[in-house]
Amino acid sequence: MAEIKQHKLPRWRGFNLLEMFTTKSDGDFREEDFRWMADWGFDFVRIPACYTLWIEDDDVYALDEAMLAKMDRVVRLGQRYDIHVDLNFHRGPGYSVNREREEPFNLWKDQEALDAFIFHWETFAERYRGISSEDLSFNLINEPKNPNPEEMTREDHERVIRATVAAIREIDPDRLIIIDGLTWANDPVPELADLGVAQSCRAYVPMGISHYKASWVESEGWPEPTWPGALHHGEPYDRAKLEAHYQRWADLAAQGVGVHCGEGGAYNRTPHDVFLRWFRDVLDILTSHNIGYALWNFRGAFGIMDSGRDDVEYEDWHGHKLDRELLELLRAF
C-alpha cells in the first residue's frame, strides 16, 4: 500500500517576513520581496505579527487603523504576486515566546486574555471576509510551549484553540486556520484532529545546528555542529532521527490533517556547509511527505538575503547580499 502523504494543503514554499515581528516593528513591507519571491518560484509568506502594533496606549480594544492598513497592504501584495499570505500572531494577548515584553495576563489561564485574543481574531475575520483561503490563512498563535500545570496544560490549549476557531468561523466559516504544534511547534496535536484546522511544524531539530551560538536560547558552550552528529538536548542526531521526528507529522497527515512547516533554518553562526547538508536532508524528508516550508527568514540572520555570515561568498542582488547557494537549495525542493 502506498504511503499516505499530506494532501489537505498545497505544498507551499516560501519565507517569513518580519516587518511586524516585534513591538518596535514598522509594518513597512517591501514590494520587491514579493516580486523576487514570485520570480524565483515561491508561493508563500508567513507574517509573524505582534498585536501591540495595532493597539493604542496598551488598550487591547483600541485599534490603530493606520497599522491595520499596513496589514491590508501585505494581503494585497500577496494577491498581486500570487503568494499565499499566512497571518500569524507571534505575540497575541497573553502569550509570546519573544521575551521583549511581559504580557499583563495569561492567554491559557485568564478569561480576560482569551476574550482579547478572540476580539483580535474576530477583527481580522471581519476585515478579510470574502478573501479566498487560497490567498489568506490565519495561524492563530506562534509556538505554544511545552504543556505544564503552571502555565498551560494540554486542556488549556485545546480550550483556547477551540473557542477561537469557533469565533472565527461564526464570522468567516470558510477561512483556512492553522495552529502551531505544542512544545514550540515540535509536537503534533492529535486531540484537535477533528477540528478541521491545519497544523504547523518546525525545522529546527537538532537545535545544535539551527541555534548554534544564538543568544536567546542559552547556547553557550554548545560544540561546533557537524552533520550528522549535531546535538539536540544532548542527543546526537542523524537523518534517521530526523525521519522519526517528522514521521509523527506524517502520521497526523494520515488522519486527514493538513500539515505545513511554518519556520525553519539555521542562525548565521552555524558553518554554512553544515547548515546546507542538514537542511537538504530536512527538505528532502518534508518533501517526501508533501509538506511545504517557510524559511525563517527572508532577509536577516537565517535568510537568503543579508544574513551576515562570514563564510559565504555573497552575490550582489540590487544592493543586497544574496546567498545564492541557499536560494538554489530551496528552489530544488
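Me: Is Asp284 buried, partly exposed or exposed?
Reply: Keep in mind that this is a predicted model. Buried would need under 20% relative accessible area and exposed over 50%. Asp284 comes out at 32% relative accessibility, so the label is partly exposed.

Me: Which residue meets the side chain of Asp284 in a salt bridge?
Reply: A bridge here takes a side-chain nitrogen of Lys or Arg within 4 Å of a carboxyl oxygen of Asp or Glu, so an Asp needs a Lys or Arg as its partner. The N to O distance for this pair is 2.8 Å, and the partner is Arg239.

Me: How many residues apart in sequence are the parts that Asp284 and Arg239 tie together?
Reply: Asp284 sits in helix H8 (residues 272-288), while Arg239 belongs to helix H7 (residues 239-254). Arg239 is itself partly exposed, at 27% relative accessibility.

Me: At what angle do H7 and H8 pack?
Reply: Two packed helices are described by the angle between their axes and the distance between those axes. For H7 and H8, the axes are 10 Å apart. H7 passes H8 in a right-handed crossing. The packing angle is about 40°.

Me: How many residues of the contact of H7 with H8 are charged?
Reply: From H7, the contact takes in Arg239, Leu242, Glu243 and Tyr246. H8 brings Trp278, Asp281, Val282, Asp284, Ile285 and Leu286. Six of the contact residues are nonpolar and none are polar, and the charged ones number four.

Me: Where in the chain is Glu191, the salt-bridge partner of Arg154?
Reply: The side chains of Arg154 and Glu191 meet at 2.8 Å, N to O. This pair links distant parts of the chain, 37 residues apart, with Arg154 in helix H4 (residues 154-171). Glu191 lies in the loop between helix H5 (182-185) and strand E9 (198-203).

Me: What is the relative accessible area of Lys241, which meets Glu235 in a salt bridge?
Reply: The Lys241 and Glu235 side chains come together at 2.9 Å, N to O. Glu235 counts as partly exposed at 37% relative accessibility. Lys241 is partly exposed too, with a relative accessible area of 30%.

Note on methods
Residues numbered from 1 in each chain as written. Predicted model: local features only at pLDDT ≥ 70, side-chain atom pairs only at ≥ 80, totals over all residues. Heavy atoms only, no water. Helix = DSSP H or I, 4+ residues; strand = E, 2+ residues; numbered from the N terminus. Buried < 20%, exposed > 50% of the residue type's maximum accessible area, 1.4 Å probe, protein only. Axes fitted to C-alpha atoms, helices over the stretch in contact; angles between N-to-C directions. Left-handed = near helix turned anticlockwise from the far one by under 90°. Contact = heavy atoms within 4.5 Å. Nonpolar A, V, L, I, M, F, W, Y, C, P; charged D, E, K, R; others polar.
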